[in-house]
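Q: I have a chain loaded and want to read its side-chain packing. Where do I start?

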Amino acid sequence: MGALQSKPRPPSLKRPMMPTPAKVMSCTDADIRLQSEPNPNGEATYLITPGSTTSEAINLACHQLTEVKVPIVIPTETVYGLAASALDGNAVSLIFSIKGRPADNPLIVHVSSRNMLESILPSSYTMSGPYQKLINEFWPGPLTLLFPVDSTKIPSIVTAGQSTVAVRMPSHPVARAIISLSGTPLAAPSANSSGKPSPTKMEHVWHDLGETGKVSLILDGGPCDVGVESTVVDGLQVDGKIRILRPGGVTVEDIERVVGDDLAEGEKAPQVLVHRRDYEDKVIEEQPTTPGMKYLHYSPSVPVILLLTPAVAPLPPATASLSLREVLSDALSPPQMQKKRPRLGIMLHSDSPFDPQVRALVEDVEFIDFSLGPLDSPSTTAQRIFDGLLTLEREGVEMILVEGIAEEREGLAVMNRLRKAASEVKWVNV
Ligand code: TXA
Ligand code: MG
């Protein structure tokens, strides 16, 4: 045999360039300490354990944000965020392209102090009493407030040209330290491809945006504590009412309590209204500014069926409730479920009325369970809900059945997400 000669490949056979997967760096909260307590303006100085991976990760994150000017993934207490400087329109445009996010869906700006908040608002702006109460009580934390925008400070790509800008101060030490040390407010949507459930673990981000190299850096802060996104509140309307545009990590009950506290003599507590529960607004429903209204949201790539009992939510008029056996046989009738031993993901509470009967009703189905915690702990359900959808999807199930909960406290945010994730809602009599 003659010597092998390397011939140039014809162009059509050239392998496409493989994307470089993201670098993942883990951060430990214990490595982040406040060197000084926040002053009255909420400024604090952070001391990160020198030489720790956390310090290396946070330094690289700040470098990527302020020098390279590209989005990176950071943990927050709600969900992981895809963050870029909110003052840099080019960097923010990369967020939209990485996520495949429609340009008319505005982003939340994350600040680390009240000084930073003031620095981005119109200089003439004076904060209302209810906003001051909400900020004192819930910041840092999962509460987003709408403010009037100063478009000379915040590029219009962040707000999608709206007259308001949504702002929150996250409580996660990694997020806070990065915003503070980089000295820049960060625009950050959830770190998922548009339309998918929000990521609450580094692994969720890795499978969606990391291994394909859509992002270059992911900071791993472990599982997110809250598990659903922040509550989005509009308290700017002239009628003085507080409107909840998206229920989230801060409950409506807590917001009502706080704005109703410490009223001056003769002062009335502002009314708190939840969009779609307490009011409809045709104008904003045509716009994408009410989260999850215009665009598909929170949907895994497999069908999700939401199971409700009349005990959890009132049966809508002219709706029949079915037995669990009927629900299961309907669920198993589509062609993809006809294959031998289909895999069915089930997300139930540990004290669910459906358990254990559900398993006894059908044969030749492989059940993959994901527990949502006890029915009377909606904060646990909230923490687990996106993880469950993403974990079961990853397990390769053909379909997911998920149990709803009462729309109280964090249950309101959970049901808001589940109604959007579900391709069908079934009422079950137990
Ligand atoms: O917890 C959270 O809020 C997470 C973490 C990363 O902070 N972020 C998050 O961002 O959930 P995103 O982009 O996935 O959802 C923000 C929602 C959007 O659906 C958008 O419609 C709404 O907030 N929003 C942003 N700016 C707004 C504005 N000016 N008026 C009304 N809604 C706004
Ligand atoms: Mg999102």
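Q: Which residues do ring pairs link into a cluster?
A: This is a predicted model. Ring pairs join Tyr125, Tyr131 and Phe147 into a cluster. The structure has 3 aromatic pairs.

Q: What describes a pair of aromatic rings?
A: Two values do: the distance of the centres and the angle of the planes. Take tyrosine 131 and phenylalanine 147: their centres are 5.3 Å apart, with 75° between the planes. That angle is over 60, so the pair counts as edge-to-face.

Q: Where in the chain do tyrosine 131 and phenylalanine 147 lie?
A: Tyrosine 131 is in helix H4 (residues 129-138), and phenylalanine 147 is in strand E7 (residues 143-148). The two are 16 residues apart, and the pair links distant parts of the chain.

Q: Is tyrosine 131 buried or exposed?
A: Tyrosine 131 is buried, at a relative accessible area of 1%. Phenylalanine 147 is buried as well, at 0%.

Q: Which residues touch the most other members of the largest nonpolar core?
A: In soluble globular proteins, nonpolar side chains tend to be buried together. Here the largest core has 81 residues. Leu134, Trp139, Leu143, Leu145, Phe147, Ile178 and Ile255 touch the most other members. Apart from this core lies another, of 29 residues, including Leu306 and Met347.

Q: What does the charged end of arginine 243 sit over?
A: The ring of tyrosine 279, at 5.6 Å from its centre. Arginine 359 lies over the face of phenylalanine 367, 5.8 Å from the ring centre.

Methods: Residues numbered from 1 in each chain as written. Chains lettered and ligands numbered in written order. Predicted model: local features only at pLDDT ≥ 70, side-chain atom pairs only at ≥ 80, totals over all residues. Heavy atoms only, no water. Core = buried A, V, L, I, M, F, W, Y, C linked by side-chain atoms within 4.5 Å. Buried < 20%, exposed > 50% of the residue type's maximum accessible area, 1.4 Å probe, protein only. Phe/Tyr/Trp six-rings, centres within 6.5 Å; stacked < 30°, edge-to-face > 60°. Helix = DSSP H or I, 4+ residues; strand = E, 2+ residues; numbered from the N terminus. Lys NZ or Arg CZ within 6 Å of the ring centre and 35° of its normal.
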